Every structure is written in structure tokens, then in C-alpha cells.
Amino acid sequence: MILLTKRVEFCAAHRYVNPRWTAEENQRVFGKCGNEHGHNYLLEVTVQGEPSPDTGMVMDLKALKDLIAEAVVDRFDHKHLNRDVPYFKEKVPTPENLAVVIWELLEPRLEHCRLHRVRLYEDGSFFVDYYGQRASQD
Amino acid sequence: MASAPPRTRELEGDGRGSGVPVVEVTRTYQFSAAHRLHNPRFSPDENARLYGRCNNPSGHGHTYRLEVTIRGPVSPDTGRVEDAQHLDVLVHDRIVTRFDRASLDDLIAPTDGPTSTTEVVAGLVWRLLDGAMPAGRLHRLRLEETPNNFFELERDSVGR
């Protein structure tokens with residue numbers, strides 16, 4: 001089993017707001033993250049598989065790059081996540097939720113290998129990892 | 001319900017399965033500290049042979065870089081595993097304020113290990129943070145002594 005990682009960047013604006021809360025509650029919980037701001041996100045997509053006996057590749061890196069561009073980067077790059085991405089009308093555009101939606105966008109599009117991990121850096125000192133795991137809510 | 005998919009499939013499925021996503025969140029800190037590798041149970045010659053330059057009687061120091069990873073469900077209200085500021089305050093209180101501009105040799109207890117190797121210091125950091133968090137929340141630590149030398153502890157893989 002080999003893990004293969006492709007790294008890409010995108011830049012986007014956002015603000016943290018829960019539309020079900022009052023302005024005061026949002027301010028208390030999110031503070032200055034409730035103001036409009038932006039990040040240079042660094043995304044690492046890791047897939048797992050066996051190298052093909054014919055090509056020696058788990059997945060063609062160019063194909064993975066194109067897939068990430070079409071499914072993720074074109075949607076988010078130089079966008080306002082709250083305004084331009086329907087998913088974030090209801091959900092707060094945190095790195096956690098962004099990693100989950102990136103997983104949901106990529107996972108069904110992969111054909112010959114499995115998505116292993118989505119790692120998203122908001123900056124050099126803060127990142128999240130999502131492995132597609134869910135827990136029951138109770 | 002005989003046709004219900006097995007639970008593992010549900011958990012690993014297409015990401016839209018039931019339940020809330022479980023995400024790992026990593027934040028990075030640093031502290032500058034002095035230390036000297038020296039085990040008093042060994043002779044001076046043995047210490048010099050074992051630890052080499054790190055046994056310099058005057059000591060030396062590093063700018064340590066610490067990655068703290070917590071793991072948990074994403075809150076549907078906040079979109080976060082935990083308030084980042086809360087984690088920062090905890091790590092600053094428990095680790096950075098104690099370890100920064102300090103001598104690590106003064107901080108380790110005999111039960112932590114024989115001397116202030118970064119393995120031993122990482123174990124101490126784990127003990128201090130794990131005891132201050134909800135059970136199972138702390139998932140991984142990475143302590144970089146220099147960008148070329150680093151040490152990682154992960155829950156389960158180290159029997160913690």
C-alpha cells in the first residue's frame with residue numbers, strides 16, 4: 001500500500017457566523033474571526049492504493065491535480081466562502097468544515113484508489129486532518 | 001434491517017453518512033530552552049561517550065517547535081472541534097510559560113526519564129497536556145528539537 005499526496009493552494013475570504021445565533025452570540029464565540037478576512041490555504045490530498053503493474057503509478061499525479069482543480073480549487077479559489085459556496089450558507093466555514101466538504105467533493109470522484117486523508121493548512125502553524133470518519137451524535 | 005450496511009462502511013462511506021465528522025486539529029507553538037544530556041548513574045566518561053557534544057557541562061539549547069493535535073467531533077454550532085483560543089491558552093499555561101527560557105533539566109521528574117532527551121521531554125509534554133484535557137482529546141504530539149530532529153507520540157500507537 002502506497003500513500004500519494006498532491007499539494008495545491010487556493011486563496012479565499014470568509015467570516016465565521018452561525019446564522020441561527022444573534023449578533024452578540026456570534027461576537028462572543030467567534031470574536032474577530034467574525035470579521036471578513038482571508039487565508040492562503042494549502043491543501044494536501046492523500047490517496048492510497050497499489051502501484052499499477054502497467055504504469056508503476058498509484059494514480060497519475062496530473063490526473064489528481066486536474067481532479068482537485070475541477071472539484072475544489074475552481075470552487076473556492078478567490079471566492080468568498082460564505083457568499084459563493086452554497087455549503088457554507090448554513091455551516092461555519094472553519095478549516096474543519098472545509099476539510100469535510102473537500103473530502104465529500106473528492107471521494108466520489110476517485111475511481112482506482114481510495115481517498116486517505118485531506119489535510120488543510122490555514123497558515124503555517126495551523127492545520128486540520130480529515131480521514132472521512134464520523135461519530136454518532138449521542 | 002438485515003440489509004443495513006456494516007457500521008464500518010457507514011463510518012468510512014462517502015462522507016455524507018450519519019453522525020458528525022471527526023477531525024484532527026493541529027496547532028503549533030515554540031519555546032526556547034536549555035538542557036544537558038547527562039545521566040548521573042553513569043561515569044563522566046560513559047556520559048561523554050554516550051551523549052557526545054550534548055553532554056557539554058555548560059549545557060546547550062534549542063528553539064523547540066511543538067505541534068499539538070487534538071481529535072474530536074466537529075460541533076454543528078461552531079464548526080470547530082474546540083475553540084482554538086482555548087487550546088492556545090491551555091498549551092501556553094501548561095507548557096510554553098514553563099518551558100520557554102527555562103532549563104529542561106530542572107523540569108523533568110525522575111519518573112519522566114533519566115535525562116532531558118527530546119523523547120523524555122515529549123513524554124512530559126504529553127503528561128502535562130493529556131491530564132488537562134477531556135479523556136482521549138489529545139491525539140498526537142510532535143516535538144522538533146531542530147528542523148532535522150523530531151519526535152512524535154500518538155495515542156494508541158504508544159499505548160497511551
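This is a predicted model: local features need pLDDT of at least 70, side-chain atom pairs count only at pLDDT 80 or more; totals for chains, interfaces and linings use all residues.
Residues are numbered from 1 along each chain as its sequence is written, chains are lettered from A in the order written, and local features need pLDDT of at least 70. Side-chain atom pairs count only at pLDDT 80 or more, while totals for chains, interfaces and linings use all residues.

Me: Is B:Phe150 buried, partly exposed or exposed?
Reply: Count the other C-beta atoms within 10 Å: 20 or more means buried, 12 or fewer exposed, and in between partly exposed. B:Phe150 has 16. The residue is therefore partly exposed.

Me: Which residues does B:Phe150 touch, not counting those up to four places away in sequence?
Reply: Contact means C-beta atoms, placed from the backbone, within 7 Å. By that rule, B:Phe150 touches B:Arg142, B:Leu143, B:Glu144 and B:Glu145.

Me: How are α3(B) and α4(B) set to each other?
Reply: Their axes are 10 Å apart, at an angle of about 140 degrees. Under 35 degrees counts as roughly parallel, over 145 as roughly antiparallel, 65 to 115 as roughly perpendicular, and the rest as oblique. The two helices are therefore oblique.

Me: Which residues of α4(B) meet α3(B)?
Reply: From α3(B) come B:Val91, B:Arg94 and B:Ile95. Their partners in α4(B) are B:Val125, B:Leu128 and B:Leu129.

Me: Which element gives the largest share of the side of chain B that touches chain A?
Reply: On that side, 24 residues of chain B are in contact with 25 of chain A. Elements giving two or more residues are α1 and β1 of chain B. The largest share, 9 residues, comes from β1(B).

Key
Axes are lines fitted to C-alpha atoms, for helices over the stretch in contact, and angles run from 0 to 180 degrees between N-to-C directions. Helices (H or I, at least four residues) and strands (E, at least two) are DSSP runs, numbered from the N terminus. Two residues are in contact if their C-beta atoms, placed from the backbone, lie within 7 Å.
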